[in-house]
Every structure is written in structure tokens, then in C-alpha cells.
Amino acid sequence: MSRFFSDKYRDLEAYTPGEQPRERKYIKLNTNESPYAPGPWVAEAVAREAGQLRLYSDPESAALRRILAERLGLKPENLIMTNGSDEALNFAFMAFCDAANPALFPDITYGFYPVFARVNRVPFQVIPLRADWTVNPADYQWARGTIFLANPNAPTGLSLPLAGIERILRDHPGNVVVVDEAYVDFGGDSAVSLLGQFENLLVIRTFSKSRSLAGLRLGFAAGSEALIQDLKTMQYATNPYNVDRLAQAAGAACLERDEYNQENVRRIRETRTWTRSALTALGFETTDSRANFLFVKHPAFPGSALRDRLREAGILIRWFDQDRIRDWSRISIGTREQMETLVETVRGLLEEKK
Ligand code: PMP
């Protein structure tokens, strides 16, 4: 820290992203990326657009929003495109939280939420998940604030049925309820279907997971025109050209042939089922994950031990140094071949222990 760093951020603990190693080739199961490359038409669209890079991008992402709106059965006015869904989340913390409307979210969820709250200097309150790590909508009933729910949740992978989301929306007509659907394509029910009924609902999604574009940084929020206008105010107050030309072109090309992404999602779900039963057979406890990762625990490898041993063997997974989940690990779903290597490696580690 320099001596010039503002006092207001002296104690800020920033988010720690999963490692992106360079020194060695690992099987990367630590950041929930897709194991499948985007279709070649995406790179072709990027190459075509590269000729226009002299010019600023469209701050409205109009062409891309038109295509996306059509896919979702919404109007373009119901959408804002962002630089990854992290930016949409940050805009929501900026726009909808303050001293009278603290951010409310579960104790175990996406680790960026408390960071967004702190950097925007808004209070937050954590509402513990049940013992089985499900969200109890009744636990939110008497709390007042802007609610952030990842659904499916991370890192548990568990999904809250839409009836639960509806109850929370109904219980909080005076506040925005943000549903972060980063993983919804892998098996959750999308709250987009509720947008017509609830003006306090904001759904946030990403192109990083099911659409294989984590490196492009493209996400979006869907909500009433008024909510979207509020987020646009945040966009135009921080970075009007938040989505660059290459991302807009690539996003549009990716959506034009979305069947390709749907097929990849199908394969990932199949591999998730296979991996879950293979790990269960090895003595792992697992959750019923609806996401592109598994959340697992083995009695022989508590704490960070599994992560460390797998790392030595060339496989990266994610471990969180946090109460209640310290014995657990999150493992992204890779290709079937990568997951077979994972299972065989774990089998070897367990035999070594005996
Ligand atoms: N929400 C959740 C629950 C996530 O796990 C992630 C990925 N780390 C994000 C949002 C942000 O993803 P991106 O910024 O790549 O869209």
C-alpha cells in the first residue's frame, strides 16, 4: 500500500479470484470455466469486428440486446449488457443499497458480495443458510434490505425453487431482489419468467459459464425498464463503453447459434452425474448440484488437504477458508476425460492413505 492510498479503503479486503496458473499445465477445475471452446463463428465475428476498433463501442449494445431480448422473450429496454456479470452485480450494489437498505445475502454464497458491499460503503447483513445449506425464504421475512441470491447458489450448487423466490419477492415489495443466475443453465429454474409479475425483481446472468466466454467478460441484467434505467445511470457514471466492440460482436455471434451452447450444457450435466456417482463410490459426500461444479467432502481429506494433494498431481480445485465449509471443496466439471483423470487421481490418493 502506498502512503497515498485513501484511508477509506485502508481495510478493504478485495476478492481473491481462483488461480490462473502459467508455470505448468494443470487440469483446471477451480474457476467454473467451460471445458469447451466457443464455436469458431465467435472468433470469426471477433476478427471481422477488429477492423472497427478505431471506433468506440455502442454504449447501448443495441444489436446484442435486440438478439438477447428475442431469445428471452423480453424487450431490449428490459436489458443492460455489462462487463461480466460482476459489473452488473456491482451496479446493483451501487444503485439499490444504502444505510436504509442494507444488502442481505446468505452466509455461504458468492464471495464477491461482501466485497461489493464494502467497496460501495453500504452495510450488509448475512442470513445463514439452513443446516442443509438451503435458503429458507422465511428467514428473510423480517429483514429489510436489498436481497442478493445466487440461484443456483455457489459454492453449494443448490437451487431454490421458483416458489421460494416468489415468496421473497412478495415479502419485500419495497426492495429489489437480485437473483444471480450465473449457473442457471446447468439445471436451475430461471426467474426471468417472473419478470412480468414483479417490478422489484432483477435477474443477472453471464456468458462466462454455459456460453464458454469467461475471457470475453460479458454479462447482463434483466428487469423492469425503471430498474434497468437505474443500472444504466451507474454505467454512464463509471464507464459508458463498458462492453467493448469485440465482446458485443462475439456475444451476438454466440447467441445466433445457441444450440451449440445448449449441447455443451447437456454434456456438462451428463459428466456432472457421472462424476458425482464416481466420487460417491469413493466415499465422498456431495450436494445435489445444479451448477457446472460439484461441492464435495471426504473424511480422509479435510480442509485444504485435497486441494493441496491434487495440485501436486496437476489438478486445480477450489477450497474456501470459511466457517461451515472449511472441510469442503468445489470442483468444476471439465470434460469426461478430465473427470476420469480426477477420479483416478483421487482413488490413488485414498489408496496411498490406507
Ligand atoms: N455470480 C456468481 C455466483 C459467480 O460464481 C460468478 C463467477 N465467479 C459471477 C457471478 C461472475 O461471473 P462473470 O463476471 O464472469 O460474469
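Strand β13 (residues 329-332) is covered on both faces, with Ser329 and Ile331 buried on one side and Arg330 and Ser332 buried on the other. Buried here means under 20% relative accessible area, exposed means over 50%, and partly exposed lies in between (1.4 Å probe, protein chains only). Strands are DSSP runs of E of at least two residues and helices are runs of H or I of at least four, numbered from the N terminus. In a regular strand the side chains alternate between the two faces of the sheet.

The model is predicted, with local features requiring pLDDT of at least 70 and side-chain atom pairs pLDDT 80 or more, while totals for chains, interfaces and linings use all residues. Residues are numbered from 1 along each chain as its sequence is written, and side-chain values use heavy atoms, without hydrogens or water.

Strand β13 pairs in the antiparallel sense with β10 (residues 293-297) over 4 bridges, and Leu294 stands opposite Ile331. Strand β12 (residues 318-319) also pairs with β13 in the antiparallel sense, over 2 bridges, and Arg318 has Arg330 as its bridge partner. Two strands are taken to pair if DSSP finds at least two bridges between them.

The rings of Phe295 and Trp328 have centres 5.1 Å apart and planes at 25 degrees, so the pair is stacked. Phe295 belongs to strand β10 and Trp328 to the loop between β12 and β13, 33 residues apart. Phe295 is buried at 0% relative accessibility, and Trp328 is buried at 6%. Rings of Phe, Tyr and Trp (its six-membered ring) pair if their centres lie within 6.5 Å; planes under 30 degrees apart count as stacked, over 60 as edge-to-face and the rest as tilted.

By this rule there are 19 aromatic pairs. In one of them, Tyr15 and Tyr110 have ring centres 5.7 Å apart and planes at 75 degrees, so the pair is edge-to-face. Both tyrosines belong to a cluster linked by ring pairs, which also includes Phe93, Phe105 and Phe112.

Tyr110 is also among the residues that surround the ligand, as are Ser85, Tyr183 and Arg217; a residue counts if one of its heavy atoms lies within 4 Å. Helix α3 (residues 84-96) gives the most to this shell, with 4 residues. Oxygen atoms of the ligand lie 2.7 Å from a polar backbone atom of Ser85, 2.6 Å from a polar side-chain atom of Tyr183 and 2.7 Å from a polar side-chain atom of Arg217.

Note on methods: Polar contact = N/O pair within 3.5 Å; in protein donor to acceptor, adjacent residues only side chain to side chain.
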